[in-house]
Each structure stands twice: as C-alpha cells, then as structure tokens.
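Welcome! Here is a short briefing to read alongside the sequence and the 3D view.

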Amino acid sequence: MPQPVKEKDNYLAVFSELAANQANDPAWLRLLREKAAESFAALDFPTTRVEAWKYTNIAPALKPQYRAATKADAQAVSAESIARFAFDESRRARLVFVNGIFARELSDLSALPEGIIVGNLTELQSEIIREHLGAYADYRREVFTALNTASISDGAFVYIPAGTAVEVPIHLQFITATANEPVISHPRTLIVAGRGAVATVIESYDTTADGVYFTNAVTEVIAQQGAVIDHYRLQQESLNAFHIGTTQVYQERDSHYVSSALALGAQLSRHNLNVTLADEYTETTLNGLYVVTGSQLADSHLFLDHARPHCTSQQLYKGILDDRGRAVFNGRVIVREGALLTDARQLNKNLLLSSEAHVDTKPELEIFADDVKCAHGATVGQLEDEEIFYLLSRGLKPETARALLKYGFAEDVISRIRVASVRKSLDEIVLAKLHQNLEVG
C-alpha cells in the first residue's frame, strides 16, 4: 500500500472530532458531511503513480499529526495582527476566518448594500445554500474535496441577488494562526451570483506565523444567466505550510467569469481550477501567476469544459522560478460534441532564474466538435541577453535591468487586476520575494 494511504487514520480521527461538535446542524448538512466522509474513507490519497499527480509528491504534507482547528484559535488573533492583509477598498466588506473558524469580531460588512447576503454559511438559514453547497465540487471522486466536505463547519457564503451590482469588492480572508502543533483547516466558500448580478470577490489565504500547517480549501462559484464575477485568489501561506485548493465554477448562459489566481507562498501548493461552461455565450478568462523560490513547489491544474456552442475562454498563466523552485502547470480544455463555434486559447509562460529551477508544463486540448478555434502553447526560458543589453545601453545598472525584466514578466498578469490596492500589494510582494527593487540609477 502506498505510504500516503497509511496516514488516513489521522484525518478520520479529526473528522470524528468535528462531527461530534456539529450535532445541532441541519439534517441536510449532516447528511452531506456523512456522504463525503464515506467517500473519503473509500478513496486513497494520490501518489505520483496517478497521472494528475505525476509531478507532485504530497507525502510530506500528509506526515505531520494535525489537530483540528478550534474556536480558541480565532479568539487568539487580534485585529492589529492581520491589518496588513486588508485591502483599502474592502475594509468594510470583509469576512474573516481564522484556522477556518469564523471570526465575527474581526469582520466588517457595513459597506455592503441591502439585499446582499454575506456571512458564515453554517449560521445562515438559506435554501440557496442547501441547493448549491456540495453540488459542484466532486467529493465523490476527489479525496481532498471529500475531506473538506466531510469537515464543513464554518464557511463563507456570498449571494448577490439578480440584477444587483456590488461596487465594493468583497474580501473573504482566511488567516492561519499556528501554535505549538500543526493544525489543519478546511476553508469552505460558496459564491452565488444571480441573473445579471455583478460582483468582485477577493479570496485570500494568509498567516500570522511560520509554523507547519495544512490548508485544504474548496470554493464553489455559480454564475447564473448574465452574471459577471471578477474573482481574485491570493495564496500567501507560510513557507512551511501545505496548501491544497479547489475552485469549482459553474457558468450559465451569457455569464462572464474572470479569475486571477496567484500562488506566492507555501512549501507545497496545488490549485485545481475547474470551470464548466454549461450554456451558450459564456465567457471565461483565467489568469494566473506563481512565484517560487527556495525549495517551493507550486502546482496549477486547470480544466475547462466547453459543454455548449458559442463559448469563449482565454487562459494566461505565468511562472517565475528561482533557486530550486519547482512548478507544475496542467491546463486541459475539452470541447464537447456539438459545442460549435468554441473559441478557446491557452498559454503558459515560465521564466527560470536559476539552473536548478524546474517546471513541468502540459497544456492539453481535446476537441470533439467541428468549426472551432482552439490554440495552446507553453514556453520555458531565461532572461534574454539582448533585452538586458538594451536596458544597459539606456543607462540602467545590471541589477536594475534584471529587476525590471522580472517585474515586467509578472506585471502582465498583475496589471489585469482591477482593484488598485490588491495590485499595489502584489507588486510589492513579488518584488520582495525576488529580492528586487526598481530604483533607477
């Protein structure tokens, strides 16, 4: 039996502890957790023998003996300690969770207009939650999704009613605060945008400590007919942490979904981004940036399912790798039979700053329909001597020239972010991570 499978008893014990404290939850939610727990017990943790995990060995993430998060974890974090993770535009539209536990006193939703529902999903009595929670993320076949679903306690719920446009970005802030022992948390998010609704949602993962911990996150996004969702996912975990995340998106007719996913932290991270274009005239844009240094590994797995005709999708994922950093990119696009006039384009570009850095990239197209436009590509390279020479000839110092080129490579993704304070913060974080500055002289 592969070694990772032997670690399952620890996770089942954590689930049992959670279940004992959730006996008063609605019957439908208890049933959902029970079904997911059954799936988790029947599934194996993936090994590198599984094609989808061929380049990512998760065994190190499974070895620590994790404890479940508690409400005391949330009470141990102060507003001052997490202030640096806030964004100016969302300071009064912010929902905060600590180790996956809702922190009411740290949250502020006063800037949101009436009719918008944002809160802790296990405290809200809503048929919308019952209808959509667990209906899209596949807990029957994906072991980490099953573990998350079996462990649902607190979670973020965002509902934008039909015809409503929310001007203020909504920030869902997941903070990990570690103690003397490794902790595991299972952040859960459900975002539902009604017909014609427009919203921007920021989903961030940060930490106040450098300890070992495991974040296992699942987000479900439903864009109903004509809805427009701008979704930012910012992962800045501890460099000793492990992060597995799944984002499952379901788009109805004429909806628009834009994702910007940035992986900057964690020792090992993986983000599964799955989008179903379920009806005609849907548009999907997926932008991503991963920056890995030291011995980090960042894995990005994308799956776009063009199920109906007249849909378009664009993907641009870029990576910067230094030291012994590793990255994995797998972008799969499937065009179903009958999905005529599909336009799907995918590009993955990687910049290697060290001879020891390594990336495995695999863009895929599966086309079962005629009259479509589909393209994909991947590049792996280093800084060009000609570009450096050109900047040197304009009077820049060598280190400044290299910093400018690295910054420009990342900025192609960061500049697409529409929230100014998020854009500014990411500029600073990326430059700091690469030990660069842009002072000219």
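**A first tour**

H310 sits in the loop between β16 and β17. That residue is a friendly place to begin, and please keep in mind that the whole model is predicted.

**Backbone angles**

- Most residues other than glycine have a negative phi, and most peptide bonds are trans.
- H310 has a positive phi, near 60 degrees, and is a residue other than glycine.
- H310 counts as partly exposed because its relative accessibility is 28%.
- A266 is not a glycine either, yet its phi is positive, at about 75 degrees.
- You can find A266 in the loop between β13 and β14.
- With a relative accessibility of 0%, A266 counts as buried.

**The largest pocket**

- The volume of the largest pocket is about 970 Å³.
- Its lining is made up of 40 residues, and the closest to the centre are A52, E142, R270, N272 and N274.
- Two or more lining residues come from each of these elements: α7 (143-150), β12 (242-251), β14 (268-277), β16 (297-306), β18 (326-335) and β20 (358-367).
- By type, the lining of the largest pocket has 16 nonpolar, eleven polar and 13 charged residues.

**Enclosed spaces**

- Rolling a probe the size of a water molecule over the atoms shows where empty space is left.
- Searching the whole structure turns up three cavities of 30 Å³ or more.
- The largest cavity holds about 120 Å³ of space.
- There are 15 residues lining the largest cavity, and R233, L262, A263, H271 and S300 are the closest to its centre.
- Strands β11 (228-235), β13, β14, β15 and β16 each give two or more residues to the lining of the largest cavity.
- In that lining, seven residues are nonpolar, five are polar and three are charged.

**Helix α9**

- Helix α9 covers residues 398-414, which makes 17 residues.
- From its first C-alpha to its last, α9 reaches 24 Å, close to the 24 Å expected at 1.5 Å a residue.
- Which residues of α9 are buried? They are T400, A401, A403, L405, K406, F409, A410, E411, V413 and I414.
- The cover over these buried residues includes the strands β13 (256-263), β15 (283-292), β17 (312-321) and β19 (343-352), along with the helices α8 (385-393) and α10 (420-433).

**Two residues to look up**

- I202 belongs to strand β9, residues 198-207.
- Since its relative accessibility is 0%, under the 20% cut-off, I202 counts as buried.
- Leaving out residues up to four places away in sequence, I202 touches F87, S90, P169, I170, H171, L172, Y232, L234 and V422.
- I202 and H231 lie 29 residues apart in sequence, and their C-alpha atoms are 6.0 Å apart in space.
- D385 is part of helix α8.
- D385 is exposed because its relative accessible area is 60%, over the 50% cut-off.
- Between the C-alpha atoms of D385 and L277 there are 42 Å, and along the chain these residues are 108 residues apart.

Definitions and conventions:
Residues numbered from 1 in each chain as written. Predicted model: local features only at pLDDT ≥ 70, side-chain atom pairs only at ≥ 80, totals over all residues. Heavy atoms only, no water. 1 Å grid on protein atoms, 1.4 Å probe; cavity = no way out; pocket = protein on both sides within 12 Å on 5 of 7 lines; lining within 4 Å. Points joined across faces, edges and corners; volume = space filled by probe spheres on them. Helix = DSSP H or I, 4+ residues; strand = E, 2+ residues; numbered from the N terminus. Nonpolar A, V, L, I, M, F, W, Y, C, P; charged D, E, K, R; others polar. Expected span 1.5 Å × (residues − 1). Buried < 20%, exposed > 50% of the residue type's maximum accessible area, 1.4 Å probe, protein only. Contact = heavy atoms within 4.5 Å.
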